[in-house]
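Hi,

Here is the structure I said I would pass on.

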Amino acid sequence: MSKIPIGILGATGVVGQRFIQMLEHHPWFEVAWLAASDRSEGKLYAEAAKWRLKTPIPANIAAMKVSPATPAGAPKVIFAALDASIAAEMEPRFADAGCAVVSNSSALRMQSDVPLVIPEVNSSHIKLIDIQAWRKKSGGYVVTNPNCSAIGLVLALAPLQQFGLETVMAVTMQAISGAGYPGVASLDILGNVIPFIRNEEEKMEEETRKLLGQLNGSKVIPGAFAMSAQCNRVAVEDGHTESVSVRLRTKPKREEIIAAWNSFRSEPQQLKLPSAPELPVVYLEASDRPQPRFDIDMGAGMTTAVGRLRPCGVLDWKFTVLSHNTIRGAAGAAVLNAELLKVKGYLA
Ligand SMILES: NC(=O)c1ccc[n+]([C@@H]2O[C@H](COP(=O)([O-])OP(=O)(O)OC[C@H]3O[C@@H](n4cnc5c(N)ncnc54)[C@H](OP(=O)(O)O)[C@@H]3O)[C@@H](O)[C@H]2O)c1
């Protein structure tokens, strides 16, 4: 089977680099086009990108020229890793030109006809593609994955929906790679905690409700639970940790909650999508886990680790969630979305 050529918009950034790493040996997709800002345009990728990953730049990618960020000459499948302000204008342009845009950016996530998808949680929402004006005009469309802290939280909450989710409170400790490159200045973050990430709390709250909402014809009815998020930046390289408390209607026992997490499987596992982790969520029994240093690479960075389940004195239960922000929270999320789109016939 010949591979589907794909392009990466924002290929030189933190998420763009993860795309390149994750797609190096992908069985279905092949990187055929790279674009970034006009600062990088025309340069060889190896010169344009400040490569920050531990594996080397694939040789064919290092020698590829960075193209202008315009649809002319771009492949029909685009992974987009652009800042929201740029994505807001650029992603519609690519969709309008007939491209399938699989986006990481927040720019269009909450637009009512744009699916915000985690394949294990709400794969049915991709049907929103069919009502997009771009789709009707040129065949192009936009699909998004959530914010890097919403995704770990939602993967931990989805198995608990059977118990009737009533209230969710989450406090994040987010890695510096989540701020892109060069990101937060070292003098601001070393030995410090920054209790503010612009728009992050709003994104977590609204995206969590959309992801756990129900598709009703042409719109998603948001999940009807109360939700509060507090977001902090901490001096960790990769991996967002979250302290979460929940109130559940049916009052399950501790063992029932743990069993719900450990037995959680969904469509990507049934379909054996290449990037789907065998276990989307794993409960760790050790009293001091999960920790970013030890647990972010579970399931090749695609598994969400949960631990420290104990009674909460205010709501019912509290626990800790950890997920890899640039893999499960960004590039891996988009690649899994694209795999789902292919299987569902949207990459024809
Ligand atoms: N980092 C994470 O953990 C994470 C997780 C989830 C979602 N996201 C989202 O993913 C997106 C990218 O984040 P990042 O962390 O990869 O950011 P980043 O490291 O700052 O990279 C930004 C990329 O966008 C390119 N770019 C900037 N201006 C452009 C323009 N006018 N036209 C075309 N390309 C342009 C940059 O190219 P140059 O190198 O040429 O400047 C670079 O390739 C953001 O929307 C972010 O919120 C990030």
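Let me start with a charge over a ring: Lys342 sits over the face of Trp28, 4.6 Å from the ring centre. The test is that NZ of Lys or CZ of Arg is within 6 Å of the ring centre and within 35 degrees of the ring normal. Trp28 also belongs to an aromatic cluster with Phe19, Phe29 and Phe79.

Before you dig in: this is a predicted model, where local features need pLDDT of at least 70 and side-chain atom pairs count only at pLDDT 80 or more, while totals for chains, interfaces and linings use all residues. Residues are numbered from 1 along each chain as its sequence is written, and side-chain values use heavy atoms, with hydrogens and water left out.

**Aromatic pairs**

Searching the whole structure gives eight aromatic pairs (Phe, Tyr and Trp rings, the six-membered one for Trp, with centres within 6.5 Å; planes under 30 degrees apart are stacked, over 60 edge-to-face, the rest tilted). Tyr141 and Tyr346 make an edge-to-face pair, because their planes are at 75° with the centres 6.1 Å apart. That pair joins distant parts of the chain, with Tyr141 in strand S5 (141–144) and Tyr346 in the segment after H13, 205 residues apart. Helices here are DSSP runs (H or I, at least four residues), as are strands (E, at least two), numbered from the N terminus. Tyr141 is buried at 1% relative accessible area, and Tyr346 is buried too, at 12% (buried is under 20%, exposed over 50%, partly exposed in between, with a 1.4 Å probe and protein chains only).

Trp261 and Tyr283, in turn, are stacked, at 5.8 Å centre to centre and 5° between planes. Trp261 is in helix H10 (254–262) and Tyr283 in strand S12 (281–284), 22 residues apart. Trp261 is buried at 0%, and so is Tyr283 at 7%.

**Around the ligand**

The ligand has 28 residues around it, and Thr12, Ser37, Arg39, Ser40 and Leu82 come nearest (a residue is near if one of its heavy atoms lies within 4 Å). H1 (14–23), H4 (84–96) and H13 (327–343) each supply at least two residues of that shell, with the largest share, three residues, coming from H4.

A polar backbone atom of Tyr181 is 3.0 Å from an oxygen atom of the ligand.

Cheers

Methods
A polar contact is a pair of N or O atoms within 3.5 Å; within protein, one must be able to donate a hydrogen and the other to accept it, and residues adjacent in sequence count only if both atoms are side-chain atoms.
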